[in-house]
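Here are a few notes to read alongside the structure. Have it open and follow along point by point.

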There are 2 protein chains.
Amino acid sequence: MAFDLNSLKYNEAGLIPAIVQDAASGTVLMMAYMNRESLAKTLETGETWFWSRSRKTFWHKGETSGNVQKVKEVFYDCDRDTLLVKVEQDGAACHEGYYSCFHYRLEQDGGVTVIGERYFDPDQVYGKKS
Amino acid sequence: MAFDLNSLKYNEAGLIPAIVQDAASGTVLMMAYMNRESLAKTLETGETWFWSRSRKTFWHKGETSGNVQKVKEVFYDCDRDTLLVKVEQDGAACHEGYYSCFHYRLEQDGGVTVIGERYFDPDQVYGKKS
């Protein structure tokens, strides 16, 4: 019997958070939101599709930057309200040019350290914002 | 200058999703929600504190089960609306007895496979629900 995507728990906006993890290294790359349709597209195409809450449209990760995510495994959690998507990341995941979106580390002394190096210059990939 | 926890983006309910990852193995253990106060408690105590949306109360992970999470590193993402907490997990993270809450894998054929072994019997830890 096929898994019913309706059996997952979506929030009041019809969305479910999807954690994206590098399948090989285990690095957590980003978190974004899927609706039932973008999850179906993700499973069908083997690349990640999200729902952009700000633009209110489907968002095929890597469409602009070329940094697509090839899906290796998809998990849901015990509460059925969160997804974990293990991927092979082309290039870098973060729109700021870092491999992971989680590059700001809170330090014990209350400071913040930026971890990791930039893979690309966002201005060159997305165009400079004036 | 100390990092201002108010500078993170909390949702309309005052919550921010926190991904919890095993610091050593990279396994993603769970996702839960923090508010500003539970994040402050997490940073102060070095163990994870969440906000339970169902019980509307602070939730010190491991308080009932003993399976506490010792915080190693805390990151926030480029959008400032998601946290990544790297921990040392005592016992197992999932209330179903598995190490990770993400133990249901969606298969290409539409089926679901349970990944991982049970670390404990939930009935013995939390008491049997009638």
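Where is the place of Cys78(A) in chain A?

1. Keep in mind that this is a predicted model. As for Cys78(A), look in the loop that runs between β5 (69-76) and β6 (83-89) of chain A.

2. Why start there? The unreviewed UniProt entry puts a "binding site" feature at Cys78(A), Cys94(A) and Cys101(A). These positions cover 24 residues of sequence, and they are spread out in space too, with up to 28.0 Å between C-alpha atoms.

3. Is Cys78(A) buried or exposed? Its relative accessibility is 13%, so Cys78(A) counts as buried, the cut-off being under 20%. Setting aside residues up to four places away in sequence, Cys78(A) touches Cys94(B), His95(B), Glu96(B), Cys101(B), His103(B) and Tyr104(B).

4. Now move along to Cys94(A), which sits in the loop between β6 and β7 (104-106) of chain A. Cys94(A) is buried as well, because its relative accessible area is 0%. With residues up to four places away again left out, Cys94(A) touches Tyr99(A), Ser100(A), Cys101(A), His103(A) and Phe120(A), plus Cys78(B) from the other chain letter.

5. One more stop: Val114(A), part of strand β8 (residues 112-114) of chain A. Val114(A) has 43% relative accessibility, so it counts as partly exposed. Val114(A) and His103(A) are eleven residues apart along the chain, yet their C-alpha atoms are separated by 5.5 Å. Beyond neighbours within four places in sequence, Val114(A) is in contact with His103(A), Tyr98(A) and Tyr104(A).

Definitions and conventions: Residues are numbered from 1 along each chain as its sequence is written. Chains are lettered from A and ligands numbered from 1 in the order in which they are written. This is a predicted model: local features need pLDDT of at least 70, side-chain atom pairs count only at pLDDT 80 or more; totals for chains, interfaces and linings use all residues. Side-chain values use heavy atoms; hydrogens and water are left out. UniProt positions are given in the numbering used here, feature names are shortened, and annotations may be inferred rather than shown by experiment. Helices (H or I, at least four residues) and strands (E, at least two) are DSSP runs, numbered from the N terminus. Buried means under 20% relative accessible area, exposed over 50%, partly exposed in between (1.4 Å probe, protein chains only). Contact means heavy atoms within 4.5 Å.
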